[in-house]
Amino acid sequence: MPAKKVNPDLQKERNTATFNPREFSVLWAGGEEQYKEKKTLEKLFLEDPALQDDLPISYLSHKELYEHSLRKACIIGEKIRKLRADGEDGVDTYNALLGGSLGAAILKEGNPLALHYVMFVPTIMGQGTMDQQVEWLSKAWDCEIIGTYAQTELGHGTFLRGLETRADYDATTQEFVINTPSLSAYKWWPGGLGHTANHAVVVAQLYTKGEFRGLAPFIVQLRDSDTHSPMPGIDIGDIGTKLGMKGVNNGYLGLKNVRVPLNNMLMKNQQVLPDGTYVAPKNSVLTYGTMMFVRCALIRDTAQSLAKASTIATRYSAVRRQSPIDPNQPEPQIMDHTTQQLKVFPQIAKSIVFKTTGDGIWNMYNVISGEIEQGNLDRLPEMHALSCCLKAICSADATAGVETCRLSCGGHGYMDCSNFPTIYGMTTAVCTYEGENTVMLLQTARYLVKVYGQALNGEKLVPTVSYINDAVNQKKFVNFDGSLESIVKAFQFVAANKTRIAYEQIELRRKQGHGTEVAANLCGTFLTAAADLHGRAFLAQTAYTELFALSRNVSPALADVLKVVLELYLVDACLNRIGDFLRFIDLTDQDVTQLEVRLENCLKRLRPNAVTLVDSFDLHDRVLDSALGAYDGNVYEHIFESTKKNPLNKEPVNAAFHKYLKPFMKAHL
């Protein structure tokens with residue numbers, strides 16, 4: 001039952017839009033050149049028959065899905081090789097294929113080779129000496145070796161000091177002896193570790209001359225280069241099925257007296273000399289560069305997840321007709337219900353704000369990385385704090401947003417063919433990998449408490465926390481007039497006061513005789529609340545600054561839409577934290593009512609352009625992979641087509657009827 005034309009309700013929405021969708025598509029892609037590159041990559045990858053699925057992967061077994069995913073991953077890898085040979089493998093290509101929408105279109109449940117490119121190679125680049133990079137990088141780039149990054153253990157994750165894997169240096173052979181001394185020390189979760197990678201960067205507690213030195217990364221060969229059999233002392237396998245990311249081949253790894261040469265320890269930041277002498281890093285946080293890199297990338301990934309979910313929900317909302325608003329009129333598009341708009345439209349706004357913020361953080365990371373390479377570590381704590389809280393907030397909000405979009409589609413959103421289950425599974429995983437979100441917020445809070453103390457001493461703070469200087473000197477917020485600028489300033493004032501309370505609570509516990517760490521634990525809820533508001537204040541400021549800047553460089557028609565998106569985001573964000581605003585700012589009942597009325601007005605103003613705005617995300621139907629969100633809007637036809645692919649429907653009577661049901665029904669005769 002192939003779709004032949006666009007659903008008329010969806011087409012009407014496009015016909016009445018007030019701006020040109022291509023203009024925003026180019027903006028979303030990063031510019032005209034990036035937009036063209038995106039289209040070229042889509043043609044190269046999405047039109048390749050070898051990368052298409054005849055059967056929905058939800059019908060595959062765990063083993064079949066891995067083999068299917070690895071086959072596709074190798075085809076992608078071969079295409080990347082060719083792009084590299086032609087000099088066309090830019091950062092955007094890797095982002096699109098490994099963390100972006102293009103990769104998700106080809107491998108819905110994740111790529112078993114992703115960590116090779118995303119973690120293994122960057123770790124060698126970031127933590128290996130020049131000699132080590134010469135030795136390992138060409139092999140890794142050419143995929144002569146396949147690697148992963150093994151840090152998390154069965155018993156320990158974000159708390160790195162608790163890792164149990166141990167590397168003892170043997171000066172007589174100039175080798176490290178690596179062991180996982182207990183079951184809880186087994187490496188657990190690394191993507192591709194199960195049956196794909198033959199090497200790994202293994203993070204272990206380093207001991208030389210009998211002394212503990214801290215964490216260090218080691219390149220360890222896991223499997224034979226020819227037979228792929230596990231190397232001696234290696235216990236390795238796949239950890240099994242999961243909520244999402246089912247094709248990633250997450251694995252476990254045990255090591256028993258595994259010896260690796262001295263030069264297999266990555267030594268850009270710290271060294272072990274042949275006699276066992278340890279040379280400490282200039283700054284211990286330098287070893288965390290790979291994780292910071294990935295967290296910055298994840299912020300943009302959450303924007304893509306929300307863009308997909310909101311596109312599906314918006315298109316479905318334009319096609320689905322239900323529940324008359326006026327009993328005397330036909331059933332309306334469900335997008336005409338204000339409550340439906342409130343579910344879906346803020347998710348569109350968040351996706352745009354998260355993307356804008358993610359681009360800014362990515363650029364900031366690249367600048368600060370350059371400063372670090374020159375030995376300037378001044379802004380490293382600021383970058384670490386920002387990447388931690390934004391990773392936590394954006395992943396949590398995106399996960400909640402995907403679920404809200406699913407609920408907005410009613411029962412049909414529960415079907416696999418909606419693609420919401422897969423999008424949700426991939427998005428919620430971000431809440432726990434590369435740092436569990438609560439721990440990430442606590443990392444940020446430690447920084448905030450420290451800089452608050454500096455502000456009290458009159459020190460001038462870096463730009464992202466300079467609002468704390470202002471709040472220390474301004475005890476009361478004045479002139480909340482409801483303008484967007486005042487909402488941003490109010491967010492910063494509230495965030496500063498949340499940090500003040502966390503600081504004061506910790507100081508109170510210290511005076512009661514508690515040590516710093518115990519005091520921080522007792523104040524955990526104050527600390528996470530401070531970090532959360534700091535991140536949201538940064539998002540508000542970035543949205544205000546960047547979207548206004550964008551609106552000055554686009555057509556007046558698109559500028560008007562971007563201003564509505566900005567207002568919707570800020571007013572919605574304010575109302576979602578209205579309790580904190582009321583606590584620190586003298587808002588009246590009328591002030592709050594006006595914000596609520598403005599929110600409804602924003603929904604109403606965005607309504608005529610909602611479909612065209614999500615169209616402008618320019619998400620290929622293969623990327624969405626949703627019966628509810630296809631560009632043609634023929635929802636019911638696509639749902640029915642999906643049932644025809646169900647293997648259960650290939651025969652009119654399933655064998656289980658004769659084997660089980662019929663004997664059961666006839667048993668009483």
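Mentor: Let us begin with V118, which is placed in helix 7 (residues 114-127), and keep in mind throughout that this is a predicted model.

Trainee: How far is V118 from N95 in space?

Mentor: The C-alpha atoms of V118 and N95 are 9.0 Å apart, while 23 residues separate the two in sequence.

Trainee: How are two packed helices described?

Mentor: They are described by the angle between their axes and by the distance between those axes. Here the axes of helix 4 (residues 62-85) and helix 5 (residues 91-99) come within 12 Å and cross at roughly 175°. Helix 4 is therefore roughly antiparallel to helix 5, since angles over 145 degrees are counted that way.

Trainee: Which residues make the contact?

Mentor: Helix 4 contributes I76, I80, L83 and R84, and helix 5 contributes T93, Y94 and L97; by class, these residues divide into five nonpolar, one polar and one charged.

Trainee: Is T93 buried or exposed?

Mentor: T93, which lies in helix 5, is buried because its relative accessible area is 8%, and buried means under 20%. Apart from neighbours within four places in sequence, T93 is in contact with L41, L83 and E88.

Terms used. Residues are numbered from 1 along each chain as its sequence is written. This is a predicted model: local features need pLDDT of at least 70, side-chain atom pairs count only at pLDDT 80 or more; totals for chains, interfaces and linings use all residues. Side-chain values use heavy atoms; hydrogens and water are left out. Axes are lines fitted to C-alpha atoms, for helices over the stretch in contact, and angles run from 0 to 180 degrees between N-to-C directions. Helices (H or I, at least four residues) and strands (E, at least two) are DSSP runs, numbered from the N terminus. Angles under 35 degrees count as roughly parallel, over 145 as roughly antiparallel, 65 to 115 as roughly perpendicular and the rest as oblique. Contact means heavy atoms within 4.5 Å. Ala, Val, Leu, Ile, Met, Phe, Trp, Tyr, Cys and Pro count as nonpolar, Asp, Glu, Lys and Arg as charged, and the others, Gly among them, as polar. Buried means under 20% relative accessible area, exposed over 50%, partly exposed in between (1.4 Å probe, protein chains only).
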